[in-house]
Amino acid sequence: MPKNYRKFDKAIIIGWNLKEMDFLNQAKLISLNTPYGKVKYFKLKDCIFICRHGIKENVPPHRINYRANISALQKLGVKYIFSFNSVGSLKKEIKIGEFLIPSDYIDFDPPTFYEKRAKFIIPEFSLKLKEELIKILKKLKIKFKNNGVYFQTKGPRLETKAEINLIKNFADIVGMTMAKEATLAKELNLEYISLCSVDNYAQGIIKRPLTQKEIKENQKKSIKEIEKIIKEILTEDLNKNKKRRK
Ligand code: HPA
């Protein structure tokens, strides 16, 4: 375990468009070995940044080593994880450009750290981090919806219209990353919350055909607000109501 691991209380997991995040230029890039593989992360103040698609953004969703990422955070002493996830909307009223804090998720193929013994965690998001996130969004006057079910798909292809027709009855947004991280974080007792940026309507929800170009362009548009939110997270002392750990 690194000697200075206790300094890192929080972590931020981000997706695409790292180059748009100016503050990462000042961050130090470090490698860490875990039992599940090597993880590269940035260190900035008391925060760890993991780019789930890799520093070169060449790791597609189905190839992300979630177990390595989450176990690296535990190894570094992280307690709190804020995650940013791009999603498609399954409901007309959840519009492109909006943010949503999911309240639950569906993932029929969850990953686990417990291959050799049975440990049955109860999936849930961190209420403490949800409150922090809401405080920040209100301060920045960023509109958001604060409930919704996330449906996890494997990727890398987008969903068929028939798949969307089915899942829209049970979920509000669809994405390829978040639920897996949330499950693994809970298995290791790390607090986890996600802020989803709605970057498209899922196939067939509106008449206009979906294109990858549209998703990419909208992801780029949401990054400036995400950057503002991250800057606020960096200034938060999440242990302020607790005795500081020595
Ligand atoms: N489907 C799955 N994942 C996504 C989508 C989508 O429509 N948009 C962004 N991530």
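Visitor: What covers the buried residues of H2?

Guide: Covering is read from contact, that is, heavy atoms within 4.5 Å. In this predicted model, where local features need pLDDT of at least 70, side-chain atom pairs count only at pLDDT 80 or more, and totals for chains, interfaces and linings use all residues, the cover of H2's buried residues includes strand S5 (80-89), strand S8 (144-145), strand S11 (191-201) and H5. Residues are numbered from 1 along each chain as its sequence is written, and side-chain values use heavy atoms, with hydrogens and water left out.

Visitor: Which are the buried residues of H2?

Guide: A residue is buried under 20% relative accessible area, exposed over 50%, and partly exposed in between (1.4 Å probe, protein chains only). In H2, the buried residues are Leu-129, Leu-133, Ile-134, Ile-136 and Leu-137, together with Lys-130 and Glu-132.

Visitor: How many residues has helix H2, and what span does it reach?

Guide: Helices (H or I, at least four residues) and strands (E, at least two) are DSSP runs, numbered from the N terminus. The expected span of a helix is 1.5 Å times one less than its number of residues. Helix H2 covers residues 127-139, a run of 13 residues. From its first C-alpha to its last, H2 reaches 18 Å, close to the 18 Å expected.

Visitor: What does helix H5 reach from its first C-alpha to its last?

Guide: Helix H5, residues 212-235, has 24 residues and reaches 35 Å, close to the 34 Å expected at 1.5 Å a residue.

Visitor: Where is the kink in H5 centred?

Guide: The bend at a residue is the angle between axes fitted to the seven residues ending there and the seven starting there. In H5, a kink of about 35° is centred on Ile-223.

Visitor: Let us turn to the loops. Where does Lys-141 lie?

Guide: Lys-141 belongs to the loop between H2 and S8. Its phi is near 55°, a positive value in a residue other than glycine. Lys-141 is exposed, with a relative accessible area of 75%.

Visitor: Which loop holds Lys-45, and is Lys-45 buried or exposed?

Guide: Lys-45 is found in the loop between strand S3 (37-44) and strand S4 (47-51). Lys-45 is exposed, its relative accessible area being 62%. Phi of Lys-45 is near 50°, again positive in a residue other than glycine.

Visitor: Which residues does a cis peptide bond join?

Guide: The cis peptide bond lies between Gly-155 and Pro-156, with omega about 0°. Pro-156 is placed in the loop between strand S9 (149-152) and helix H3 (161-167).
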